[in-house]
Amino acid sequence: MRLYFILFLTLLFYGCNQKDSKLKIKSSDKVLLSAEINLNNKVERIIDSSFKIKNNDTSLVKVANYLIQKNAIKSISIKSYLKDNVLASNTSSTYDNTGNISESIFSSKNRKTIVKYDEYGNSTLTHSFNENDKLQTELKYNNTYDNSNLIKIEKLDKDGLIFETVEFKYDSSDNLIKKTTKGSSNMMNKEVFSYNKNNQKTKSIFFSSNSLQDSTLYYYDKDLLSKIETYSRNFKDEFDKNPSKIIYTYDEIDRLIEVKHIASFGSISRYYQYQYFDSMKNWYEKGNYDSAGNLIYLIKRKIILNKL
């Protein structure tokens, strides 16, 4: 069952373990990582504060506030800041009683975007307004389902004309095995996915206009994602001999403690480290380091429990 959370919502809850949750939708892109967040009935709110670090100067750039009820997200507020804590934008999202997103509103000084979703959490309507609240763009989405699996999206412009169609195909275990995107200019992209006996993704292949663009392999160790390798076309339209890699490292009790990105030429491009865990294996600090090992971005997490 396909679920399209917009990016800023998926980043935090990707791999979320929601015990006894009422969520009726699961992602067809099977969860790869061990849970970054473990919820129980005591979790009431999660606050992530993000800081940019440069030349020993630390500045707040984003605060994400997640309201949790009965192991499901009820609302999300994300505020982004400019220098000196000046508010740059605000994104608020609400969820229904099943834990699926129902509406999101992004607002900044010059723009506002409102997105509506259907009962399965997939976009149905997007309105974008300028600084004078005048409607600039309107996008509609016709979503077709088969037994709660999203099998087709038709994207329409403000005149009701279809400008893009996305089709999905699943296997008997509800794994997404093919995604085909067709545009109005005869453009066609295709993604093909493979899985192991545990329904873990093992391979994805991306084609553009029937030309292979990249191939990605997924490796596991004790059912935990350990490595991703991607072979891509370079600027010479040739495949790199060596893949780019993402390496995942866990501690002795299977907590994710490091994610390392390695370029195809072998150098580390960036890496992330997780620190300070609670009894449920939730991290409280996530650092982003550049290729030289300098801390450039830091997320500090606060998990608030109810008093009951």
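## Strand S19

Let's start with strand S19, covering residues 256–262: this one is mostly covered, with five of its seven residues buried. Buried here means under 20% relative accessible area, with exposed over 50% and partly exposed in between, using a 1.4 Å probe and protein chains only. Strands are DSSP runs of E with at least two residues, numbered from the N terminus.

Some ground rules: this is a predicted model, so local features need pLDDT of at least 70 and side-chain atom pairs count only at pLDDT 80 or more, while totals for chains, interfaces and linings use all residues. Residues are numbered from 1 along each chain as its sequence is written, and side-chain values use heavy atoms, leaving out hydrogens and water.

## Its partners

Two strands pair if DSSP finds at least two bridges between them. On one hand, S19 pairs with S18 (residues 244–250) in the antiparallel sense, over six bridges. Across that pairing, isoleucine 246 sits opposite histidine 261 in S19. The two strands make a hairpin with five residues between them, and aspartate 254 in the turn has a positive phi of about 65 degrees.

S19 also pairs with S20 (residues 268–277), again antiparallel, over five bridges. Here lysine 260 faces tyrosine 271 in S20. This hairpin has five residues between its strands too, and glycine 266 takes a positive phi near 105 degrees.

## A look at serine 50

Why does serine 50 count as buried? Because its relative accessibility is 4%. Leaving aside residues up to four places away in sequence, serine 50 has contacts (heavy atoms within 4.5 Å) that include Ser59, Val61 and Tyr297.

Methods
Helices (H or I, at least four residues) and strands (E, at least two) are DSSP runs, numbered from the N terminus.
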